[in-house]
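Here are some notes to read beside the model. Please keep the structure open and look up each point as you go.

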Amino acid sequence: MEDNNLEIEKIYKIIDDMVDKNEGLIPILQKSQDELSYLPVDILKTISERMKLPYHQVFGVVTFYSQFRLKPQGEIIINSCDGTACHVRGSKRIREAIEREYGIKKGETTTDGKFTLEIVRCVGCCSLAPVIVVGKDTYGRMDSKKISKILKKYKK
Amino acid sequence: MKIKDYKDLEKLRKEGLSSLYPSKPKIMVGMASCGLAAGAEETYKAISKEILDKKLDVILTKTGCLGFCQMEPLVEILEPGKPKIIYKKLISNKVKKLIDSFITGRIESDIVLARVDREEILIEKSVKNFYSNKIVNETDEEVNYEISDKLKNEINKIPLYEEIPFFKKQTKIALRNCGYINPENIREYIARGGYFSLYKVLNEFSQDEVIEEVKKSKLRGRGGAGFPTGLKWEFTRGARGEPKYIVCNADEGDPGAFMDRSLIEGDPHSLLEGMLIAGYAIGANEGYIYCRAEYPLAIKRLNIAIEQAKEVGLTGKNIMGSNFNFDIKIKQGAGAFVCGEETALIASIEGRRGEPRSRPPFPATAGLWGKPTNINNVKSYSYVPQIILKGARWFNSIGSEKSKGTMVFALTGKIDSTGLVEVPIGMSLKELVFDVGGGVLPGKSFKAVQIGGPLGGCLPEEKLNLPIDYEPITEAGAIMGSGGVIVVDNDTCMVEFAKFFLQFASDESCGQCVPCRLGGERMLEILTRITEGKGELEDLDKLEKLARVMNQGSLCALGQLTPNPVLSTLRYFRDEYIAHIIDKRCPAGECKVLITYYIDEEKCTGCGLCLRHCPQNAISGEKKKAHKIDTKYCIKCGVCKDICKFDAIYTE
């Protein structure tokens, strides 16, 4: 609980600093999400107060952009790329393999809180399609067999 | 040190040259996103370890992407007095072989891609001759070799860079530095003529003269619409209101496109210099780069570049001793495709929902914070320094009648040589796909090329003779877009393909106007019906009618062009739609509901691979005898087809 409070204090400080520097709503939301992995309602309310913006405006921005999340995420996010190049090279089959193996669908998190599966519209590595991004690591030329091996590495 | 005059710039250029062409061997690893995805990081570490272990006196550095992503990780080795040698597919376990061949001087043909004898330096018509280790005039005759005959013979066996089919027909202007310089070293950019154009305009050009030169070059915006860049600059300069802003649209949202990413990762300074020149010409002191958050490496390199430019006084106050002030900031996107539309982009920078508004007023008169704003694409800006340095007439000599210069394309999909290419405008689609891209994968046949991103269209084989230019491509039902080119073969179902784009576009609709918000959804429902074998012939008319309404009634290009993939496939591949509707059959064997998986008994060797990997245990059979799929349990996941080494699995 104490840790939690510390974390919240830290976020408040970041928000205040950024408001002082006039950094703008979207960068503040991005930074807060970087810290917390998602945007809890309390944080949104704080941002709205400190920035003197109506809450509906903050909430409107959060729900408009796909980058922002209102729910907590798993420890590692699996971003399965479904850009055009990945799509024609069979990204769907890779995604289905993950869905089968870990029992999660798009936007869902495994029960142990380890993985969250997301679909991303192109990470720009199209020439290595199909591509999958696990955490911060990008893997190219995937197939349903390779992905299973790769994810096992992260399971530890 | 801050650059105050020509002497200072020249000094940095000299420093850059000695870092570009050092007096001892240099190893460069291509470390743009695609290289990294292919394992360049591990390669870099392995090389660095070998250098330490073997106590080698070499410089290890990184560079951007040469464009040949298919061959990543790419490594270049430069030794004084020898041509530059480019190595391909150099994953970490091949590093030992590379270093051994470097030490012994033996050339390992299986890892060598090409050699470079001479390299243009882009300033004062000079080239670096790697044999003589000198910088000479472009027109100078080949200098005598200073290497042994034996080595000369060996080297001659390596194909020349410019003779590799992938590079042969390319003309690099926007990508001039990608893969040549270390993007995190401003001096190397300066060594290749960088910031000399900025110096030139600040000292020799009036604001109007810069605009005049850009107008004369006939550069058209590379974001897709092709509006003349010089004219846009003139409008913004002439608009009332202060301050004025320069914005770079680096929100490359098209799936299947990575031109801007590669350019920024490989040569961020060319974008900064272009923006600075635009700022001077238009009379702005502030610039914003709006870049996708999905491109962390591009953002990192931009930050480094901006920092370095500030250090040497190329941004900030009194740039190069003039009274021109300019600052550049980065704004990160937050994952909304529609923010590529300029008014939505402005809304997003201002911290609002990225919803487009109707134009006019155009951003040139009322843009960021309601002030006159010039918005160009990354590539448009990065052409500008070269246009200033080499002149509008030089730029005019490249390209087609109506559109000058080159166009950068991302070649992907079912094509042999995937990667990033830059070709003169006016080249035929056929040359692009078959000569540069090497055609489709072995054993497959070409079906269509999708050009222009999710709002573009699919062009069939009979349209391959079209020149790549704004007007002819639009007439044929596609758009130039920002440069994504995706090739598909006979395994791709065109109805499913159109559905994929429509799904994307309707997901990304901002929801403001009805034709786009509902039209996309309704079209998607119809297409889903067709791919599930529940379509009717009238559906095709309904699709066309909806497309018309969306095209005429939507506020921005997203809604207007969303029907494009459907219209173009209906135009060129109508028979596939009809096969789905009448025969309840998917000719390409892709639409799940309409197909069944079978094993070809003649081809099956009974190796058991599919049997072991089938998630449903739907495959049975004895070892070394043909296997069988039990369709009752088959979920059509396609794993068996993916892993079969004998091509024995087929769909019907």
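1. Helices (H or I, at least four residues) and strands (E, at least two) are DSSP runs, numbered from the N terminus. Residues are numbered from 1 along each chain as its sequence is written, while chains are lettered from A and ligands numbered from 1 in the order in which they are written. This is a predicted model, in which local features need pLDDT of at least 70 and side-chain atom pairs count only at pLDDT 80 or more, whereas totals for chains, interfaces and linings use all residues.

2. Overall form of chain B. Chain B holds 26 helices and 21 strands. Its C-alpha atoms fill a box of roughly 80 × 70 × 40 Å along the principal axes. The radius of gyration (taken over C-alpha atoms) is compared with a globule rule of 2.2 Å times the number of residues to the power 0.38. For 652 residues a compact globule would come near 26 Å, and chain B agrees with this because its value is 27 Å.

3. The contact between the chains. Two residues are in contact if their C-beta atoms, placed from the backbone, lie within 7 Å. Chain A gives 37 residues to this contact and chain B gives 42. On the side of chain A that touches chain B, at least two residues each come from α2 (25-36), α4 (55-64), α5 (84-88), α6 (91-102), β4 (137-139) and α7 (144-155) of chain A. The largest share, 4 residues, is that of α5(A). For the classes, Ala, Val, Leu, Ile, Met, Phe, Trp, Tyr, Cys and Pro count as nonpolar, Asp, Glu, Lys and Arg as charged, and the others, Gly among them, as polar. By class, this side of chain A has 17 nonpolar, 14 polar and 6 charged residues.

4. The parallel sheet of chain B. Strands of a sheet pair through backbone hydrogen bonds, either parallel or antiparallel. Two strands count as paired if DSSP finds at least two bridges between them. In chain B, 4 strands form an open sheet in the order β11-β10-β9-β12, with parallel pairing. β11 (327-332) and β12 (373-377) of chain B each have a single partner strand and stand at the edges, so one side of each has no neighbour in the sheet. Neighbouring strands are turned by 20° against each other on average, direction ignored. Strand β9 (residues 245-250) of chain B pairs with β12(B) over 5 bridges in the parallel sense. Val247(B) stands opposite Ile375(B) in β12(B).

5. Cis peptide bonds. Which residues does a cis peptide bond with omega of about -10° join? The two are Glu242(B) and Pro243(B). Pro243(B) is placed in the loop between α10 (229-238) and β9 of chain B. The peptide bond from Arg359(B) to Pro360(B) is also cis, with omega near 0°. Pro360(B) lies in the loop between α14 (342-349) and β12 of chain B.

6. The antiparallel sheet of chain B. Here 3 strands form an open sheet in the order β6-β7-β8, and the pairing is antiparallel. β6 (118-120) and β8 (134-137) of chain B are the edge strands, each with a single partner, so one side of each is left without a neighbour in the sheet. The twist averages 35° from one strand to the next. Strand β7 (residues 126-129) of chain B and β8(B) pair over 4 bridges, and Lys128(B) stands opposite Ile135(B) in β8(B). In the loop between β7 and β8 of chain B is Asn133(B). Phi of Asn133(B) is near 65°, a positive value in a residue other than glycine.

7. A helix pair in chain B. Axes are lines fitted to C-alpha atoms, for helices over the stretch in contact, and angles run from 0 to 180 degrees between N-to-C directions. Helix α20 (residues 514-531) and helix α21 (residues 538-553) of chain B pack at an angle of about 160°, with their axes 10 Å apart. That makes α20(B) roughly antiparallel to α21(B) (angles under 35 degrees count as roughly parallel, over 145 as roughly antiparallel, 65 to 115 as roughly perpendicular and the rest as oblique). The contact includes Pro515(B) and Met523(B) of α20(B) and Leu543(B) and Val549(B) of α21(B). Its residues divide into 9 nonpolar, 2 polar and 4 charged.
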